[in-house]
Amino acid sequence: MVTIVVATTSDPASINPAYALLAMPGWLPVPAPSLLQQGIKSFANKNVRFLQHDKGIVEEDDLDRRWEEATGEAVDEVIFFSKHTAVSNRPALTVHPIGVPHLREGDVPPQGGRPGWAAPPDPRIGPWLRLLKKLAQSHNLVPEFEITLEGTHHGPITIKPTMFLEIGSTDEYWKRQDAAKVIALLVWEGLGLGGGAAVGNWGREDERNKVLLGIGGGHYAPRHMDIVMKEGVWVGHLLSGYSLPMEDPSQSKENGNTDCIGGTWRQSIKVAIEATKSAFPGGDVLAHLDHKNMSRVFGYSWNQLTECPGVACFSHKWF
């Protein structure tokens with residue numbers, strides 16, 4: 001099984017960490033002629049494969065499947081380097097799962113992916129977020145840079161456990177070499193390329209097998225972040241409020257029941273649960289609800305929302 005790390009030359013926050021990673025010992029070019037013909041270069045170091053292309057980072061779909069077909073090597077996970085943008089322009093290092101589970105069939109995803117799809121979240125997300133904070137602190141990037149999760153969003157399409165590692169949030173910070181070095185070190189240490197133990201390997205025998213599925217809240221999931229940083233739990237999908245579209249019951253015709261809240265929020269939760277369970281076999285997946293965000297939706301409580309058909313009742317509290 002191999003880990004794929006992906007970067008694009010079109011993005012300084014993607015290619016700079018890639019260059020920093022490739023400057024570390026052990027990398028060699030690895031032949032993958034069919035991908036090279038498509039403009040994708042590849043390198044190998046132990047059980048890690050680095051892929052470099054020139055398109056937008058969300059534009060190359062199915063790189064996990066395409067690598068398997070080109071080389072015969074089974075892919076275990078996919079990690080992308082990318083820039084992060086934010087209205088605040090605040091410098092940040094972020095980690096997040098990917099998908100657009102809330103979109104309806106026929107919708108055009110604005111940043112890649114497929115409507116109603118979410119990749120399995122990489123089990124390393126939680127452990128690597130905590131490692132990222134330690135590395136950023138040791139390289140004096142904190143408090144200048146915020147270290148944070150993001151909600152599940154965008155593509156590209158993958159079927160293997162996936163995560164994005166991003167540098168934000170403006171051109172000045174996308175080009176920061178110290179930030180690029182920290183992201184490279186995160187992968188180097190996190191995958192055990194330096195000789196140490198890899199960080200974040202999931203196993204059923206793990207005594208701490210609770211997996212957080214975040215529901216509600218803002219894009220940076222502050223209430224979910226509190227749990228992840230303090231409790232040391234694993235992280236599944238994080239569905240921010242915008243990934244839970246709801247329709248006024250009086251306007252809903254879903255299942256012919258105007259008392260039920262319509263919209264794609266149930267679809268989004270169902271897809272997120274299934275993808276999270278597939279990434280954490282044997283794990284105890286628990287929903288962590290941002291009550292403040294959800295309680296403002298049409299004045300309905302979480303219990304009332306879960307009374308609609310096809311929705312399981314999730315725990316309100318963590319542990």
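This report describes selected strands and helices of a predicted model.

Strand E4 covers residues 48-53, and six of its six residues are buried. In a regular strand the side chains alternate between the two faces of the sheet. In E4 both faces are covered: Val-48, Phe-50 and Gln-52 lie on one side, Arg-49, Leu-51 and His-53 lie on the other, and all of them are buried.

Strand E1 (residues 2-8) pairs with E4 in the parallel sense, over six bridges. Within this pairing, Val-6 is found opposite Leu-51 of E4. Strand E3 (residues 41-45) runs antiparallel to E4 and is joined to it by five bridges. Phe-43 has Phe-50 in E4 as its bridge partner. E3 and E4 make a hairpin with two residues between them. Lys-46, in the turn, has a positive phi of about 55 degrees.

## The sheet of E11, E12 and E13

Another part of the model holds an open sheet of three strands, with the order E12-E11-E13 and parallel pairing. Strands E12 (234-239) and E13 (284-289) are at the edges with a single partner strand each, so one side of each has no neighbour in the sheet. On average, neighbouring strands here are turned by 25 degrees against each other, direction ignored.

Four bridges link E11 (residues 210-215) to E12 in the parallel sense. Val-211 faces Trp-234 of E12 across this pairing. Helix H7 (residues 222-231) packs on the sheet and touches E11, E12 and E13. The direction of H7 makes about 170 degrees with that of E11.

## Where H4 meets H7

Helix H4 (residues 125-138) also comes up to H7: the two axes come within 10 Å and cross at roughly 80 degrees. Angles of 65 to 115 degrees count as roughly perpendicular, so H4 is roughly perpendicular to H7.

On the H4 side, the contact is made by Gly-126, Leu-129, Arg-130 and Lys-133. On the H7 side, Met-225, Val-228 and Met-229 take part. By type, the residues of this contact are four nonpolar, one polar and two charged.

## Helix H8

Helix H8 spans residues 265-279 and has 15 residues. From its first C-alpha to its last, H8 reaches 21 Å, close to the 21 Å expected at 1.5 Å a residue.

Technical notes: Residues numbered from 1 in each chain as written. Predicted model: local features only at pLDDT ≥ 70, side-chain atom pairs only at ≥ 80, totals over all residues. Heavy atoms only, no water. Expected span 1.5 Å × (residues − 1). Pairing = 2+ DSSP bridges. Axes fitted to C-alpha atoms, helices over the stretch in contact; angles between N-to-C directions. Contact = heavy atoms within 4.5 Å. Parallel < 35°, antiparallel > 145°, perpendicular 65-115°, else oblique. Nonpolar A, V, L, I, M, F, W, Y, C, P; charged D, E, K, R; others polar. Buried < 20%, exposed > 50% of the residue type's maximum accessible area, 1.4 Å probe, protein only.
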